[in-house]
Amino acid sequence: KNTVTGTLSCQSPSNIALVKYWGKHGEQLPQNASVSFTLTNCHTKTTLEFSPKTSKGFDFTVYLDGKKEQSFEPKIKTFFNRIVSYVPFIEAYRFIIRTTNSFPHSSGIASSASGMSALAMCIVSMEDLLLSEDISDTYKKQKASFLARLGSGSASRSIEGPLVVWGAHSNIDGSSDLFGTIYPKHIHKNFTNYKDTILLVDKGEKQVSSTVGHDLMHNHPYSAERFKEANNNLTKLISIFENGALSEFIKIVESEALQLHAMMMTSQPYFILMKPNTLEIINRIWSFRKKTKSMVCFTLDAGANVHVLYPENETEIVSEFIKKELTPFCKNGDYIEDVVGLGSKLI
Ligand code: PMV
């Protein structure tokens, strides 16, 4: 049916990887399995307005915070080209895409996971409207994750929560390279409502895009070992999620963050995304842990910002520590308090 005009809105969060995805092949397929906490407060809201058209090709306009944003067009065009064979109706509609992020645009927080997953959710919800038969919620979410992956690999892990695996892993039933799946095994209560405070160390544009970073893993001297190590770390996390051993969790999560950055430092060309304040913060977290026996730890994305992870029952003590000792290393003292959440929703 090529007759429906309408509007749909979705809200989708960012996510933070515990085992990192860095290196891909084929059509946005990961070289290793990864697992992430889905976040809540860092999210994108996207509204898709659609009306039928007869002209050939894609037709869309993008607005960010109410202002026309032409710089997003190439990325969305590439995305549409990748997904059109799975959602062919997108060629028959003209779209107005209105998007807003809950976090500041120049905060250095990547909006690709939340942005691409929100758009993918909108498109799958639109398909649901156009089709005469009902499609199950499970199928819709799987398809949304599949499409989101084609926009940005890590976006495949933002559709659901609280813990999502993307990439086929021999010890995790149902895991796939094609879409993210909810972590299917037992999760100890220590991980319930896990907190993530994101310290905004550097808000500038990334010097190296993640596309370039993934590409540099192709001729990387340590790539094969890295992909093995990631899969092994995910295996280790299975028993940690089961028994709640936070001290073991910390060892894996911090090592994964440093391995991600070690891959950047050892590629050709090499690059460093951490800033002096990133290291200051890491050292202070380590001293605090030694002093207090707190289970606070850090992880990093492809940038200088630090994600400070801690269990819910440490909220008070860790928040105080962050405010007093860590925020002086943030740009303008800025940080975002977040908590693990459940993924995208239609609004
Ligand atoms: O989703 P991409 O292609 O922007 O890759 C990002 C990968 C990291 O954020 C650095 C790690 C991860 O697993 O999220």
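Student: Which strands does helix H6 (residues 246-265) lie across, and at about what angle does H6 run to S11?
Tutor: Helices (H or I, at least four residues) and strands (E, at least two) are DSSP runs numbered from the N terminus. Axes are lines fitted to C-alpha atoms, for helices over the stretch in contact, and angles run from 0 to 180 degrees between N-to-C directions. On these terms, helix H6 lies across S11 and strand S12 (306-310), and its angle to S11 is about 30°.

Student: How are residues numbered, and what pLDDT do local features need?
Tutor: Numbering starts from 1 along each chain as its sequence is written. The model is predicted; side-chain atom pairs count only at pLDDT 80 or more, totals for chains, interfaces and linings use all residues, and local features need pLDDT of at least 70.

Student: In what order do the 4 strands of the open sheet stand?
Tutor: Two strands pair if DSSP finds at least two bridges between them, and the pairing here is antiparallel. Strand S11 (297-300) and strand S13 (335-339) each have a single partner strand, so one side of each has no neighbour in the sheet and they stand at the edges. Neighbouring strands are turned against each other by 25° on average, direction ignored. The order of the sheet is S11-S12-S10-S13.

Student: Which residue of S13 is the bridge partner of lysine 195?
Tutor: Strand S10 (residues 195-199) pairs with S13 over 5 bridges in the antiparallel sense. The partner of lysine 195 in S13 is valine 339.

Student: Is valine 339 buried, partly exposed or exposed?
Tutor: A residue is buried if 20 or more other C-beta atoms, placed from the backbone, lie within 10 Å of its own, exposed if 12 or fewer, and partly exposed in between. Valine 339 has 16 other C-beta atoms within 10 Å, so this residue is partly exposed.

Student: With which residues is valine 339 in contact, leaving aside neighbours within four places in sequence?
Tutor: Two residues are in contact if their C-beta atoms, placed from the backbone, lie within 7 Å. For valine 339, in strand S13, the contacts are Thr40, Asn193, Lys195 and Asp196.

Student: Which strand gives the most residues to the side of domain 1 that touches domain 2?
Tutor: The domain assignment, which is automatic or from a database, gives domain 1 (6-187) and domain 2 (191-339). In the contact between them, 28 residues of domain 1 meet 36 residues of domain 2. Strand S1 (6-19) and strand S4 (34-52) each supply at least two residues of that side of domain 1. With 7 residues, the strand giving the most is S4.

Student: Where is glutamate 69 found?
Tutor: Glutamate 69 has 17 C-beta neighbours inside 10 Å and therefore counts as partly exposed. Leaving aside neighbours within four places in sequence, glutamate 69 is in contact with Val62, Tyr63 and Leu64. Its place is the loop between strand S6 (67-68) and helix H1 (73-83).
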